[in-house]
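Colleague: I would like to learn how to read the geometric features of a model. Please take them one by one, with the general idea before the case.

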Amino acid sequence: MDLLHELFRLSPELALFLSLAIGTWIGKFKLGAFQLGGVAGALLIAVIISQVGVTIDSGIKNVLFAVFIYAVGFESGPKFFSSLGRRTLREIALALILVVTSLATLLVMARLFSLDKGIAAGIAAGALTQSAIIGTASAAIAKLNLDPAQLQQMQGNVAVGYAVTYIFGSLGAIIICVNILPKIMGRSIREDAIKAELEQMRGAPVLAPGQQPALPGLVGRVFLAGPAAGKRVAEVEAGADPHFPVTVERLKRDDKVIAVTPGMQLNENDALLLVGRRKGIIALAASLGKELDAAEGPEMTMQTTEVLLTNPALVGKRIDALRKEISGDVRHGIYIATLKRGDLPVPVTDDTVIQHNDVVTLYGSEQDIQRAAALAGPVLIKSLKTDLMFHGLGLSFGLLIGLLVLRIGSVPLTLGSGGGALLSGLLFGWYQARKPLSGNMPLAASGLLRDLGLAGFVAVVGLQSGLQAVETVRQNGLSIFLIGIVVTVVPLMLTLLIGRYLLRYDNTAIFAGALSGTRSANPAFGEILDKAGNAIPTAPFAVTYGLANVFLTLLGPLIVALV
């Protein structure tokens, strides 16, 4: 023990990374349908390691949580703001239900077990994982007419109640939101996350990294000219449906690849490489000879490129109008693979209206892509580098917002660093989706910030509070810990049932995000994101999380007044 204590004294970061490594390993094991998960595993291992004595700076915890919640907000900014509206009334109601049931549960337990104001406030801060209650409750206690010794004892009791109950406050939220809620809903978080994303993507297929459709819409196939012998290349292309265009990209004649021109006349045994919409090629195949193996035709490399639509001549016009205005020479060989507005796909139909800063994915040869990009706007180059200037400003802005304090009487209201970083991430993510030439952050980079930030945050909490929590339980028995379990479980379960059967939440992923946000349950939210595999739970979480930071913080003085 002395050796470990000395090791962790010399290198407290060693305790942090051991907690992450062992906790993630422990979190992989399953007991029936229950799986602890990496975040909760890191918390438990950190508590165990803390028993040898670890001193770790709180600044590390603040930094880790700030980058986690900023990355979550940045990924979700476009979808969050597009989701705001009358639908968020349900999230507001859910957050209020959690606060009211939490206060009622705590008052009942305080009456049954004769808790003093300090212990009751500390239990609320820990069991509801809202550290800000410590500050508001302590400030309210300071205004009571108590002698200095009583005042110091009661304020110390706030820290005791918090230390004993915080760990299960985090674990309990994970168990209810990640394991119990899907059982009640009858569907998994992942299943409903995919369903919601498909609806949000307007029916467009959502592919994970490494996936691709078995039948892509844009294809290349090789045919003999056959019956088309004697026709010019332009005539063959004109025979395709205008809505499903086809291009003769290359021609192989007598084992030689020949450059194609619109006026070139075809021979019967010419091997034609056709590129275009699958439906168009199938229709055109009837007027050509037999289909050949790819090895028998001319080879060619095609590419897809994202282009930001900024040309005023294109903005505000329908696609069918642009098809008529833009000459065939410019359009030749260019296919629209996808069209996005912000973070959402836009159906590519004749009546689709182009808007400024829409992002179009073009498919074609390199020369054709360059010609089209010169007309449409700048090419969006995918980079592995993160724009640190942009995101450094984003985090700084969020932390400054978190410093702002609004006072209602003697009660200070603040978003804190977490709420400020989340709001900033949402705003900067929304802006970057509309101005994609700046603020690049690859998904792998944001994924690292999310995973390391959250797991590291809870590990530091465990290292800091684990020793005190265990020692306090030894001295005061398990009563405070058990009361904390009740205050954690009862409000969450009541809110879950009301949300399911009265507020009519019918999507597991959306409901889980909203429910974890009502408790500011960041570890639970991290596990929900992991289960979902996408950002669907983030929009409801962001709404209820922001409300919870205000509503739950107000519980401090209320508990002091009512207990």
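Predicted model: local features only at pLDDT ≥ 70, side-chain atom pairs only at ≥ 80, totals over all residues.

Colleague: How many helices and strands does the protein have?

Modeller: Helices (H or I, at least four residues) and strands (E, at least two) are DSSP runs, numbered from the N terminus. The protein has 22 helices and 14 strands.

Colleague: What percentage of the residues count as buried?

Modeller: Buried means under 20% relative accessible area, exposed means over 50%, and partly exposed is in between (1.4 Å probe, protein chains only). Of the 563 residues, 50% count as buried. As for contacts (heavy atoms within 4.5 Å), take those between residues at least 6 apart in sequence: 81% of them join residues at least 24 apart. One example of positions separated along the chain is T88 and V543, 455 residues apart, whose C-alpha atoms are separated by 7.3 Å. T88 sits in the loop between helix 4 and helix 5 (89-113), and T88 is buried at a relative accessible area of 13%.

Colleague: What span should helix 2 have at 1.5 Å a residue?

Modeller: The expected span is 1.5 Å times one less than the number of residues. Helix 2 (residues 12-27) has 16 residues and should span 22 Å, which agrees with its end C-alpha atoms being 22 Å apart. Its buried residues are P12, A15, L16, S19, L20, G23 and G27. Seen down the axis of helix 2, these fall within an arc of 135 degrees, so they line one face of the helix; the arc is that of the directions from the helix axis to the C-beta atoms.

Colleague: And helix 18?

Modeller: The 23 residues of helix 18 (residues 479-501) should span 33 Å, and the end C-alpha atoms are 33 Å apart, in agreement. Buried residues in helix 18 include I480, V487, P491 and G499.

Colleague: In what order do the 5 strands of the open sheet come?

Modeller: Two strands pair if DSSP finds at least two bridges between them. The order is 5-4-6-3-7, with antiparallel pairing. Strand 5 (256-258) and strand 7 (291-292) are the edge strands, each pairing on one side only.

Colleague: What should I check in the backbone angles?

Modeller: Most residues other than glycine have a negative phi. D254 has a positive phi of about 55 degrees although it is not a glycine, and D255 likewise has a positive phi, of about 65 degrees. D254 lies in the loop between strand 4 (246-253) and strand 5, and D255 is placed in that loop between strand 4 and strand 5 too.

Colleague: Are D254 and D255 buried or exposed?

Modeller: D254 is exposed, at a relative accessible area of 69%. D255 also counts as exposed, at 70%.

Colleague: How are aromatic pairs described?

Modeller: A pair of rings is described by the distance of the centres and the angle of the planes. Rings of Phe, Tyr and Trp (its six-membered ring) pair if their centres lie within 6.5 Å; planes under 30 degrees apart count as stacked, over 60 as edge-to-face and the rest as tilted.

Colleague: How many aromatic pairs does the structure hold?

Modeller: The structure holds 9. One of them is Y70 with F74, stacked at 6.3 Å centre to centre and 20 degrees between the planes. Y70 and F74 are 4 residues apart in helix 4 (residues 58-83), and are therefore separated by about one helical turn. Both Y70 and F74 are buried. Y505 and F511 have ring centres 4.6 Å apart and planes at 10 degrees, so this pair is stacked as well. Y505 and F511 are both buried.

Colleague: Which residue lies over the face of Y505?

Modeller: A charge sits over a ring if NZ of Lys or CZ of Arg is within 6 Å of the ring centre and within 35 degrees of the ring normal. R90 lies over the face of Y505, at 3.9 Å from the ring centre. Elsewhere, F390, F397, F428 and Y431 form one aromatic cluster.

How values were computed: Residues numbered from 1 in each chain as written. Heavy atoms only, no water.
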